[in-house]
Amino acid sequence: MDPTFCVTIEQEWDIVKARQLGRDRARDIGFGTVDQARIATAISELARNIYLYAGSGKICFEVVEEMGQNGLGVRSLDTGPGIKNISQVMEDGYSTSGGLGAGLPGVKRLVDQFDIQSEEGQGTEIRVMKWLRKLR
Amino acid sequence: MATIDTDIRHYRQLLKHYIEIRDEESLYGAEQISKAFIKNNVPPEEIINLHIQSLSELYPDIPEHFQHSMNFLLEIMISYGVAHQENHSLREQQSELMSEIAVASNMQDTLLTTTKPDVAGLDIGVVSVPAHQMSGDYYHFLTGEDDSFGIAVADVIGKGIPAALCMSMIKYSMDSLPKANVSPKTILKNLNRVVERNVDASMFITMFYAQYLPSESKICYASAGHEPGFHYHAETETFEEMKTKGLVLGVSPDVDYWEYERTIQKGDMVILLTDGVTECRQGDRFIETEEVLEVIAQYADLPAQEMVNKAYKHFERMQDFQLRDDFTLIVLRKEV
């Protein structure tokens, strides 16, 4: 299996493709139903941001194994307008008040690790990571 | 985690019991579990998942389409879970803000402390209540070298924290004025300069400054666009508006103010207020100034402090105990 795999986001339909692929990967690794749904929702939110604000970009998946722990990494890349004030979009209530859904703080809540880099006029890269919890 | 595990086991038992007997007791148990879940911040999708698992353990032959429908429901709940967490953290932020404001409000109270001057033959009553936690109204008594004293009443247009910040500035500028008996018009002229330099153009402050000279039974006053005061003539039992002209503070750097004076007779009253008093509302209707004066006249026989307290209670009740603006009312009565 190819360790990384990307979906190009250009149309709304591509969001569905990204969700599907992400969910399949999550299931293969061994995530339960709830975490599969959380991962799909996080991917959906990232892909929608690309579709709505950047026009085009891609969502890449990577199955990670680190210190005996398995996880799914998702990377969202676009060359859109970028985010001027990252602190502001990461504030609770900022994007949701405009009815845009969970927003980036929501994505952050759905995953275990979250990192964002953005340059105005150059684009945005967001990396998220969800770890598979070991059964006790 | 231990309590959550117990709750999970408990959930399964209760669910089973309820499906078999359908009694109120199980539902009461459900209510308790629900509260425990909220307390432990368990997101809704976890509860649906718990339900799915409990069902499939209790009834292994559940039809497949039903299981799919439950998974669909779980999916629906994901965003609710995120929103729930967001609300939770917003609530925490809110309570942090509230306690910060409470501290600021205490600081403001300390900052704006002023003492009513004790002048023989003069009865003074003051009431000043903010609409929210912090006040945009300001009043201050300044004692002069002889028995004379000054009263400043100011109102920042707007209320809440921005108004309160502005108010502190007025307080500092008043403190920095020379202690000698400065005339009302000079005080306003100086304050205007400070406000003009330090406050955003969209903010206005109105102020009324009166100086009482007991030896001459005279009151000198000037106003910077403030609500006019009233002079109650004991002899005729009538109120007279203390008409003034003068620009609000902070509009233009160099403003001269007019100064007025009048003689106060025995039993006369001087009433100073902010627009929180004159713009009291009964339902959608603003009250008329006459109504304010009627209420004051109604309690005219009482000592000044009781009088303003009663008047405040009257308007508080009229507005359903929800002040829309900061409320300040000061009454001076010459007794001899």
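Q: How are the residues and chains labelled, and which pLDDT limits apply?
A: Residues count from 1 along each chain as its sequence is written, and chains are lettered from A, with ligands numbered from 1, in the order in which they are written. The model is predicted, and local features need pLDDT of at least 70, side-chain atom pairs count only at pLDDT 80 or more, and totals for chains, interfaces and linings use all residues.

Q: How many helices and strands does chain A have?
A: Helices (H or I, at least four residues) and strands (E, at least two) are DSSP runs, numbered from the N terminus. Chain A has four helices and five strands, and from the N terminus on they run β-α-α-β-β-α-α-β-β.

Q: At what angle do α2(A) and α4(A) pack?
A: Axes are lines fitted to C-alpha atoms, for helices over the stretch in contact, and angles run from 0 to 180 degrees between N-to-C directions. Helix α2 (residues 33–54) and helix α4 (residues 103–110) of chain A pack at about 155°, with axes 9 Å apart. Angles under 35 degrees count as roughly parallel, over 145 as roughly antiparallel, 65 to 115 as roughly perpendicular and the rest as oblique. The two helices, α2(A) and α4(A), are therefore roughly antiparallel to each other.

Q: Which residues of α2(A) and α4(A) meet?
A: Two residues are in contact if their C-beta atoms, placed from the backbone, lie within 7 Å. Here Arg38(A), Thr41(A), Ala42(A), Glu45(A) and Leu46(A) of α2(A) meet Gly106(A), Val107(A) and Leu110(A) of α4(A).

Q: How many residues of chain B are in contact with chain A?
A: On the chain B side there are 13 residues, in contact with 14 residues of chain A. Helix α4(B) gives the most to the chain B side, with 10 residues.

Q: Is Leu55(B) buried, exposed or partly exposed?
A: A residue is buried if 20 or more other C-beta atoms, placed from the backbone, lie within 10 Å of its own, exposed if 12 or fewer, and partly exposed in between. Leu55(B), in helix α3 of chain B, has 18 such atoms within 10 Å, so Leu55(B) is partly exposed. In chain A, 36% of the 136 residues count as buried.

Q: Which residues touch the most other members of the largest nonpolar core?
A: A nonpolar core is a set of buried Ala, Val, Leu, Ile, Met, Phe, Trp, Tyr and Cys residues joined through C-beta atoms within 7 Å. In the largest, of 61 residues, these are Ile205(B) and Met207(B). Another core, of 31 residues, lies apart from it and includes Val7(A) and Phe31(A).
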